[in-house]
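Me: I have a structure open here and want to go through it with you. Can we start once it is on screen?

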Amino acid sequence: MGEWDLLGRLLDKVQSHSTVVGKVWLTVLFVFRILVLSTAADRVWGDEQSDFVCNTRQPGCENVCYDKAFPISHIRFWALQIISVASPTLVYLGHVLHVIHAEKKMRERMKRQSQVAMDDQSAVFLLQRTSKVPKYSSSSGKISLRGQLLRSYVFHLLAKALVEVGFVAGQYLLYGFTLQSRYTCSRFPCPHQVDCFLSRPTEKTIFIWFMLAVACASLLLTLVELLYLCVRALKECVSRRKDYTVTPVTPTSLEKKAFQNRDQRIQNWVNLELELQGRKLGANGGVAGGGQVTSGVSGVNEGTKSVMSEDNNMEEVQI
């Protein structure tokens with residue numbers, strides 16, 4: 001178990017920068033893959049080559065038959081699978097640590113600049129407008145999955161899924177998912193077709209199926225996490241769209257009708273005032289009528305202004 005301590009410590013740091021499903025995936029990796037591989041499976045396959053017996057005494061025949069039956073040991077194959085599946089997670093961890101370190105230096109630089117420009121208000125305002133602000137991590141080291149960090153997280157999930165599928169397919173192509181008690185071999189230097197026998201094939205088959213089930217569970221958790229991130233991003237997009245209001249540049253049809261009604265009201269008011277003033281002019285005479293025309297025009301203008309002000313007030317109330 002000691003050789004897995006370094007990988008365990010590195011993956012333990014990823015838990016604080018992962019989603020809930022990602023933490024479950026790491027638990028499955030630790031308990032059902034690393035722990036089982038280092039404690040139980042190694043003992044089951046410890047006598048793999050020594051107890052591979054063939055019914056011949058020809059020197060070298062058992063070695064070449066074993067090499068053909070098992071191109072790579074199951075234990076080494078699973079160890080390589082665990083390391084390969086964990087590698088995208090370690091790359092994501094390196095990206096997260098780089099972002100945290102860069103934004104920590106950014107905070108320190110902003111703190112120094114604010115102390116220098118503390119007495120100058122214009123310099124403080126210019127500093128706030130021009131300087132970059134940390135947007136992925138907090139002062140305590142916690143990160144928020146968005147932007148380039150979210151893309152990095154999604155890419156590492158896709159890489160994990162592809163690696164997992166590749167190793168499951170590779171295991172099937174190399175030696176299948178079951179072990180038979182007898183293996184027939186006819187490779188050189190065997191003098192003829194010989195039969196070779198495995199030790200504890202049923203027990204080893206159970207372990208193969210167990211590791212296959214754990215690999216499928218890890219793949220399913222990875223796909224569930226991808227679906228979870230897609231649903232969360234969709235909900236955030238919908239919520240932002242609801243909060244975003246659009247002000248149209250061109251007036252709507254209702255606003256156009258309101259403008260036309262206002263113009264008609266103004267024109268009717270002007271016609272009514274002119275008609276009343278004309279009646280007064282006809283009754284009072286020419287000279288006096290000239291003064292009334294002037295006052296009538298001013299009255300029309302004042303009436304027009306009052307109508308326009310009333311319409312503006314009505315529009316403000318409607319808005």
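Me: What is the mean pLDDT of the chain?

Reply: This is a predicted model, and the mean pLDDT of the chain is 76, with 70% of its residues at 70 or more.

Me: Which elements have the lowest and the highest mean pLDDT?

Reply: Helix H9 (residues 286-318) has the lowest, at 47, and helix H6 (residues 148-175) has the highest, at 92.

Me: Where does pLDDT stay under 50?

Reply: One such stretch is residues 286-294, for which the model has five contacts beyond four places in sequence. Another is residues 310-319, with seven such contacts. Where pLDDT is low, the predicted coordinates should not be read in detail.

Me: Changing topic. Which residues of H1 are buried?

Reply: In H1 (residues 5-14) they are Leu 7, Gly 8, Leu 11 and Val 14. They cover an arc of only 105° around the axis, so they sit on the same side of H1.

Me: And what does the face turned away from the buried side carry?

Reply: That face of H1 carries the exposed residues Leu 6 and Arg 9.

Me: How many cavities of 30 Å³ or more does the structure hold?

Reply: One. The volume of the largest cavity is about 40 Å³.

Me: Which residues line the largest cavity?

Reply: Val 14, Ser 18, Gly 22, Trp 25, Leu 26, Thr 89, Tyr 153, His 156, Lys 160 and Glu 225. Helix H2 (20-44) and H6 are the elements that give two or more residues to this lining.

Me: What about the lining by class?

Reply: The lining of the largest cavity has four nonpolar, four polar and two charged residues.

Technical notes
Residues are numbered from 1 along each chain as its sequence is written. This is a predicted model: local features need pLDDT of at least 70, side-chain atom pairs count only at pLDDT 80 or more; totals for chains, interfaces and linings use all residues. Side-chain values use heavy atoms; hydrogens and water are left out. Buried means under 20% relative accessible area, exposed over 50%, partly exposed in between (1.4 Å probe, protein chains only). Helices (H or I, at least four residues) and strands (E, at least two) are DSSP runs, numbered from the N terminus. The arc is that of the directions from the helix axis to the C-beta atoms. pLDDT is the predictor's confidence in each residue, from 0 to 100. Contact means heavy atoms within 4.5 Å. On a 1 Å grid over the protein atoms alone, a cavity is a set of points where a 1.4 Å probe fits but cannot get out, and a pocket is an open set with protein on both sides within 12 Å along at least five of seven lines; lining residues have an atom within 4 Å of a point. Grid points are joined across faces, edges and corners, and a volume is the space filled by probe spheres set on the points. Ala, Val, Leu, Ile, Met, Phe, Trp, Tyr, Cys and Pro count as nonpolar, Asp, Glu, Lys and Arg as charged, and the others, Gly among them, as polar.
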